[in-house]
Amino acid sequence: MKAARFALTHLLQGLALVLAVVVLNFVLVHAAPGDPVETIAGASGGMSEELKAQLRTQYGLDKPLPVQLGVYLGKVVQGDLGYSYFFNLPVAGLIAERVPATLLLVLSAVLGAFVIGTTLGVLSSRKPNGWLSQLITVLALIGFAAPVFWMGMMLIILFASVLPIFPVAGMRSVASTADGLAGALDVLHHLVLPALSLALVYLAQYSRLARASMLDVLGSDFIRTARAKGLADRVVLYKHALRNAVLPVVTMLGLQFGNVLAGAILVETVFNWPGLGRLAFESVLRRDYPTILGVLLFSSIVVIVMNLLTDLCYRLIDPRIKTA
Amino acid sequence: MLNSPTSRRRALASLIVSACALTLALPAAAQEPKRGGTLVVGTTQTPRHLNGAVQSGIATAMPGTQLFASPLRFDDQWNAQPYLAETWKLADDGKSLTLNLRKGAVFHDGKPITSEDVAFSIMAIKANHPFSTMMGPVEKVETPDAHTAIIRMSAPHPAIVLAMSPALCPILPKHIYGDGQDLKNHPRNSANVVGSGPFKLVEFSPGQRVVMERFDKFFLPGKPYLDKVVMSITPDAASLMLGLERGDVHMLPFVSVPTDLRRLKDNPQVTLTPRGYEGIGPMNWLAFNLERKPLSDIKVRKAIAMAIDTKFVTKALMAGFATPAAGPIVASSPFATNDLVRYPVDLKKAAQMLDAAGYKADSGGERFKLTIDYLPGVDDQQKLVAEYTRAQLKKIGIAVEVRASADFPAWAKRMATHEFDMSMDFVFNWGDPVIGVHRTYLSTNIKPIVWTNTQSYSNPKVDELLNTAGSLLDVEKRKVHYAEFQKIVTDELPIVFVNVVPYHTVAGKKVGNVPVSIWGPMSPYDEVYLK
């Protein structure tokens, strides 16, 4: 019963949030000066008045804004995200085409940051004042302080000219149409730098957080008990302490998923990674309203789902939460 | 004369130069184009789709001219060449153009190309293409037999021949695009595109890339030389430059940033050419809003023109890659004239003119205030010149505020609503003046749309000259009309012409036959090869 009510309230809250996001985005997007027909006229190098009026009517831009919002909401409820003004293609299709790239980038960055960050944090918590811990702290501070796009650009400079072992733009080699294993390896090769630059900030945060949390847990009574029982250091550290210390890191991970998506926009733009972030960014420049709204709607749903999943993860890691 | 040392030296120099040219030309001529290979073209322009019959602009034209063939094509001297049409004739009264189509030419799906397809395409372009003046007078296309198409027009329209170019007149298969769906939104504009050009579509990922492969049954035997053409779309010009330097990208058209050009010029791995942009005729200029005071006063406009040193702009701001523009038609066009009203820099005279016109400076040395806008995204051409203009006008007592726009739509809205005093602008001639020049000066084209006559310039004499020139068959007579038009416009100055945009095509050394016809990168790459 409790679990069902939990799921239901969260779902309703989520829906209300999505509605608010759609309305807010709609208003914001339309507040930007200029409209999509102007952009299309620009891409065409000029345009006649008749054609412009025709496009306005076709896109429904001649109707008052509240009517446009109503029409849009009506369509969204039916699962129809509409057509991109710029590409004349269904927005759902454009998003579907870009989702794998963004997921690949974001998940590999987040997981990488989580695993490596926690490991570094645990390592530095073993001897909090040792040289390794100091080194990790310095690196973490640098990683935390550097903006994502700057990190990306520095990586590009390093790997484009000094050490050309990784490609610096795109998701596939420009001329490649390779499928299968060769294609996958090609994508992985391209993934390294963007994932690294996106991961670095979070990696730094997670390592700091894991370190602090580990130190906190290592000082508690049950650890002393475990040690007194004569358990091996390894077991104490990884089985007893880590499991408790990792909770705050998971909280951060869930909460920050939205941030990571936002960071992905920068990284995708810097590395020309063909994901949702770049699509959203370029669509803003083109005033391609349906595409912008579609991407934002999709992202907000992803963030809400991720938060739900985080809640569920808590219950797996810390069984006490279930009964609370 | 040859006895004077300078002329002897000059003669010797020219001899050496011609000798060098000979030795340079010989191995190039001896090199046979090679079959095979993949050409990677980098571009910052995102095509909406690939159907150039309903979408103008660079972005669609680059892949579009590979996929679709047109009745005619043009060489680097503005001469029409046979393409889908083997021969053609513009009637003496200028009201019909007869195209005799090549026999045996087929579309990518193997179906033959007939006059029906030509008729369908031309009427589709007339109905849908953003450049409404291009096919404006066309009434119908007659098809007496499968290989003859006669374009009938209501008035003499010499621009129709140039309008047969690959970038402007793609021939669509009627059996695919004539299914009754709205052509502007036709699903086959982006997927399963079928044309008759040298390459056929393999993949179109919107905003990412266009992959095309050799069409084996292309109607010109032995062509194209390349197996594949990939257009890699990257909004970030810097990463395209990097790609070119790394050798991932072979050709980069439409490069105009002086710092990039300077860097590429010193790179032994690449070649630079400014050729191939004569057709598009890209101009950079300063436009006035004549509805606003005091810009409605011709003396103020002349004083401003006198304060702007176009040579400084092209030499210092654009590192010598650009050339100054003195009139509304680019110098590379056959219709350009030298007989223009020119405004050599003279700050003193400019100040005196403003004084005489009654715009006295106040105690702070300021006469009046103006704003200047600029098109965002091409800073080297637009923002820098706007800043320079501000500095120059300050010297003659005009306080200028530079207004930035966040992005293209924001700027375009200011232009369309005529909410500006002065703005830098970036406008293409598009080959025939009828397409790209008339629109800026005709009083009938003062419209709430970007790249119309947003200056609100109106002169009945100019209207008459342009309308007559547009329908004159005799090239020489047309030239006379356009010459008079150019003189009037440079005298009345709705616009201060600053420079020709220094577009260059940059290509790796292994690229042979870099496209340098008047439409350059917006023409078929059937003769391009990789060494």
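Visitor: Which residue stands opposite B:V141 in β7(B)?
Guide: Strands here are DSSP runs of E with at least two residues, helices are runs of H or I with at least four, and both are numbered from the N terminus. Two strands pair if DSSP finds at least two bridges between them. In this predicted model, B:V141 sits across from B:I151 in β7(B). β6(B) and β7(B) run antiparallel and are joined by five bridges.

Visitor: In what order do the four strands of the open sheet come?
Guide: A general point on strands: in a regular one, the side chains alternate between the two faces of the sheet. Here the order is β4-β5-β7-β6 in chain B, with antiparallel pairing. β4 and β6 (138-145) of chain B are the edge strands, each pairing on one side only. From one strand to the next, the twist averages 15°; axes are lines fitted to C-alpha atoms, for helices over the stretch in contact, and angles run from 0 to 180 degrees between N-to-C directions.

Visitor: Which helix packs on the sheet?
Guide: Contact means heavy atoms within 4.5 Å. Helix α3 (residues 115-128) of chain B touches β5, β6 and β7 of chain B, and its direction makes about 175° with that of β6(B).

Visitor: And what about the hairpin of β4(B) and β5(B)?
Guide: Strand β4 (residues 85-90) and strand β5 (residues 96-101) of chain B run antiparallel over five bridges, and B:W88 has B:L99 as its bridge partner. Five residues lie between the strands, and B:G94 takes a positive phi near 70°. On to β7(B) (residues 148-153): β5(B) pairs with it over five bridges, again in the antiparallel sense, with B:T98 opposite B:I150.

Visitor: How many salt bridges does the rule find across the interface of chain B and chain A?
Guide: The rule wants a side-chain nitrogen of Lys or Arg within 4 Å of a carboxyl oxygen of Asp or Glu. It finds three across this interface. A:R172 and B:E203 also meet in a salt bridge, at 3.4 Å from N to O. As for contacts, 49 residues of chain B touch 51 residues of chain A.

Key. Residues are numbered from 1 along each chain as its sequence is written. Chains are lettered from A and ligands numbered from 1 in the order in which they are written. This is a predicted model: local features need pLDDT of at least 70, side-chain atom pairs count only at pLDDT 80 or more; totals for chains, interfaces and linings use all residues. Side-chain values use heavy atoms; hydrogens and water are left out.
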